[in-house]
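This note is written for a colleague who wishes to go through the structure point by point. Please keep the sequence and the coordinates at hand while reading.

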2 protein chains.
Amino acid sequence: MKTYIDQLAMKAKKAASELGVLNHEQKNAALMTIADLLDEDSAIILKANATDIQEARIHGMGEGKLDRLRLTEERIRQMAQGIREVANLPDPIGEVIESWEREDGLQLQKVRVPMGVIAMIYESRPNVTMDAAALTIKTGNAAVLRGGKEALHSNQALVAVIQKGLSQSGLPEYSVQLVERTERESVDVLIKAKGMIDLVIPRGGAGLISHVTQNAYVPVIETGVGNCHVYVDEFADEKKAIDIVLNAKVQRPSVCNAAETLLVHRDIAQKWLPSAVQALIDERVEVRACEKSVDILKNHGFEIAMPAYSGYGQVCSASDSDYATEFLDYIIAVKVVSSFEEGIKHIQKYGTRHSEAIVTEDEQRAAQFFRYVDAAAVYHNASTRFTDGFEFGFGAEIGISTQKLHARGPMGLREITSYKYLIRGDGHVRK
Amino acid sequence: MKTYIDQLAMKAKKAASELGVLNHEQKNAALMTIADLLDEDSAIILKANATDIQEARIHGMGEGKLDRLRLTEERIRQMAQGIREVANLPDPIGEVIESWEREDGLQLQKVRVPMGVIAMIYESRPNVTMDAAALTIKTGNAAVLRGGKEALHSNQALVAVIQKGLSQSGLPEYSVQLVERTERESVDVLIKAKGMIDLVIPRGGAGLISHVTQNAYVPVIETGVGNCHVYVDEFADEKKAIDIVLNAKVQRPSVCNAAETLLVHRDIAQKWLPSAVQALIDERVEVRACEKSVDILKNHGFEIAMPAYSGYGQVCSASDSDYATEFLDYIIAVKVVSSFEEGIKHIQKYGTRHSEAIVTEDEQRAAQFFRYVDAAAVYHNASTRFTDGFEFGFGAEIGISTQKLHARGPMGLREITSYKYLIRGDGHVRK
């Protein structure tokens, strides 16, 4: 396995050194060619995908997961369109980030450069393959893609199209490579390939991510785990609060920026919570409520289910572990807090530093929330669902970082670049 | 050990959450107090340092290392002055890096925030303790300092002064803590304290650095290993080339931005190399020369020593391993290359991506060198010795990064910060 990965990584390193110095036009032309080939070769890709789907069915994959794995004519068209959009974005490489001159005339420039070789480790969605390829080619980085076993045939067909497009455009074919050996071991070897790979981005569940951060020798950017909160302050506008909680929970519950816990200040809970919970139930959300919320809801005639028998659209009692859970489902934990400070402390304890929102009409409270909450994205009177590269206007997204080093929050093109200093003298020496 | 480190890290985390929201005045006042206390308590610090020096002597530490460990009245005054200078630097925390508004009125700000808790792992120089404390306090980060065993008493005395200054100024005392257990194990536990420590910066030899990157769960910034080259092009100005090579090698050979290998284009080697080597020998540098250089030097009457008997101020034959060695000493490897491309390839093979220089009057060559050399700092007609936070105008330096993630090259205040997005809406939800 080590020989296999090393060879892949060496080819990637060589490709990166060629790719990194290409101009915008060359990289964009290759992206356009790949987009066209994707449309042309869609039948081949669909056939490969059908094999994956069939095998996944045999192995008992559920319908939700099957849907994420499935490609269609329409999805391939969207992929191709996505690549064209990336081609049309400004190229961050070569940007002069800063420049200055010393008194002695020495001139310094800080210039954006590619990261080098980026390894992506991800699960079953084949569109990640194409996204990662487009963003790395655009930024002059070489990519080593380790997708999930379930999507192997699809990924092979996609990478074949990418490599064909690269060759046709005169770019190094190995700028994008797929790790075709999908044993767990290939991950372990890949993340130790220091000196050849410059960055690893794992995308997937908490287990994959902690395995990678604990075992990698290569620098890692952690992504995606989001235990996000909406805190409804005593000074909240009731209508905005309901809109935001509903949107944060149900607009797309399966993603990392969806809300998992609703915190409510006790001074607004009596009058606001019942209508909020009703709205959630109407959307078939299961509400796991703290003792105080249960009391309030009972007083308003809500039925409280036994936790073991509770389900979508019902209310039951919350346990402590609910506050620590990223449900990624139509489930929300609710907690009444006695003060703003208790709300902040709850977020500090259970939050994953992803996205946190306050609903309040009090500007000072909002300012304090901004100050004291340590997360990639902190919201005032807006839904946590906006934490996304496209919503932020980056035009692309390769993941959402939940660490503080290098990149935080949505990562677009700039977030997978580095910089170097170019210094021009005329025989300058240090005194 | 784990309990000991965990307690330290928990205190640091708590301190960081308080420190991170303080304003400039509060942090600067604490720095000024620490500087004053350092002057006042210098006798205590010198006494502690004398104990370290005495023990180090008993253990047979050499004079060079002893000098790095030694504190004097004057060095303490300089430390205090350094802290006052850091206090006078602009505070990067709170800086709005970018801000924009979406068409729907949602407002986004990207704001600079502290990293959180930073662990520093370093060797015998006690001034690193004070530098790290000043830079982390200034940026609202808490610091956990794991200095070398040899400097333990000195570091204890310094951290006592720092903590006294913090308390007197109303800042959390545990903003700066020393790991007083200096067994190797304390490093291993520290670098795995994920969730409590946000960043580890190892400063020291290649062994320490690779141990940390291979075993850490916490994100790491690698520092310091510098196998730097000066490439003298066929179109070089001969005088500038000699000035730059001499400065890069002998102005301070023990540091990471000093040059270790001189590459010379063959078309200039005949006439330029003998005078360059003479100048190096005059400065007592040992020159380890490739076969071609040896031929040229012999023709010019230089004596060539046997490698085993060679020493300062002499010329001998280079072996391949010399090109891979960071001498950090009055030793330089010399290689004649047949072309510009061969020079670039040599740097790609042996360089550590730290600092690389070209000497040439040909602008196109310089532009190509800037393009193809992948290093933190790339120089045209200037010495590699400028790769330094102070020389770059950062006003401070916590180390020189040789990785591409997060920070590259000299790290000042901004390089130990992160950012977060603050998003203001008015009931905004995602469509």
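1. The structure is a predicted model. The points that follow should be read with that in mind.

2. Extent of the contact between the chains. On the side of chain A, 55 residues are in contact with 55 residues of chain B. The elements of chain A that each supply at least two residues to this side are the helices α9 (206-215), α10 (238-250) and α15 (363-372) and the strands β14 (377-382) and β17 (417-428). The largest share, 11 residues, comes from β17(A). By residue class, the side of chain A that touches chain B divides into 25 nonpolar, 16 polar and 14 charged residues.

3. How many bridges join β14(A) to β17 of chain B? Five bridges do so, and the two strands run parallel. Within this pairing, Ala382(A) has His428(B) as its bridge partner in β17(B). In the other pairing, β17(A) and β14 of chain B (residues 377-382) are also joined in the parallel sense over five bridges. Here the bridge partner of Leu422(A) in β14(B) is Val378(B).

4. An open sheet of 11 strands has the order β1(A)-β2(A)-β17(A)-β14(B)-β13(B)-β7(B)-β8(B)-β12(B)-β9(B)-β11(B)-β10(B), with mixed pairing. Its edge strands, each pairing on one side only, are β1 (96-101) of chain A and β10 (304-305) of chain B. At the chain A end, β1(A) and β2(A) are antiparallel and share five bridges, with Trp100(A) partnered by Leu108(A) in β2(A). Strand β2 (residues 107-114) of chain A is in turn joined to β17(A) by eight bridges in the antiparallel sense. One of the bridge pairs between them links Gln107(A) to Arg424(A).

5. The four-stranded sheet of chain B. A further open sheet has the strand order β5-β4-β3-β6 in chain B, and its pairing is parallel. Strands β5 (176-178) and β6 (199-202) of chain B are at the edges, each pairing on one side only. On average, neighbouring strands of this sheet are turned by 20° against each other, direction ignored. Strand β4 (residues 142-146) of chain B is joined to β5(B) by three bridges, and Ala143(B) stands opposite Val176(B) in β5(B). Helix α1 (residues 2-19) of chain B lies across β3 (117-121), β4 and β5 of that chain, at about 150° to β4(B).

6. Domains of chain A. The domain assignment gives domain 1 as 2-222 + 403-424 and domain 2 as 228-386. The centres of the two domains, taken over C-alpha atoms, are separated by 36 Å.

7. The nonpolar core. Which members of the largest nonpolar core touch the most other members? Among its 150 residues, they are Ile83(A), Val144(A), Val200(A), Ile83(B), Val117(B), Val144(B) and Val200(B). Leaving aside residues up to four places away in sequence, Ile83(A) touches Leu31(A), Ile34(A), Ala35(A), Met130(A) and Ala134(A).

8. Positive phi angles. Leu328(A) is not a glycine, yet has a positive phi of about 50°. This residue lies in the loop between α13 (320-323) and β12 (331-337) of chain A. Arg353(B), likewise not a glycine, has a positive phi of about 65°, and its loop runs between α14 (340-350) and β13 (355-359) of chain B. Are these residues buried or exposed? Leu328(A) is partly exposed, because 15 other C-beta atoms lie within 10 Å. Arg353(B) is buried, because 25 other C-beta atoms lie within 10 Å.

9. Gln214(B). This residue belongs to helix α9 (residues 206-215) of chain B. Gln214(B) counts as partly exposed because it has 14 C-beta neighbours inside 10 Å. Gln214(B) and Thr360(B) are 146 residues apart in sequence, and 40 Å separate them in space, C-alpha to C-alpha.

Terms used: Residues numbered from 1 in each chain as written. Chains lettered and ligands numbered in written order. Predicted model: local features only at pLDDT ≥ 70, side-chain atom pairs only at ≥ 80, totals over all residues. Contact = placed C-beta atoms within 7 Å. Nonpolar A, V, L, I, M, F, W, Y, C, P; charged D, E, K, R; others polar. Pairing = 2+ DSSP bridges. Domains from an automatic or database assignment. Core = buried A, V, L, I, M, F, W, Y, C linked by C-beta atoms within 7 Å. Buried ≥ 20, exposed ≤ 12 C-beta atoms within 10 Å, placed from the backbone. Axes fitted to C-alpha atoms, helices over the stretch in contact; angles between N-to-C directions.
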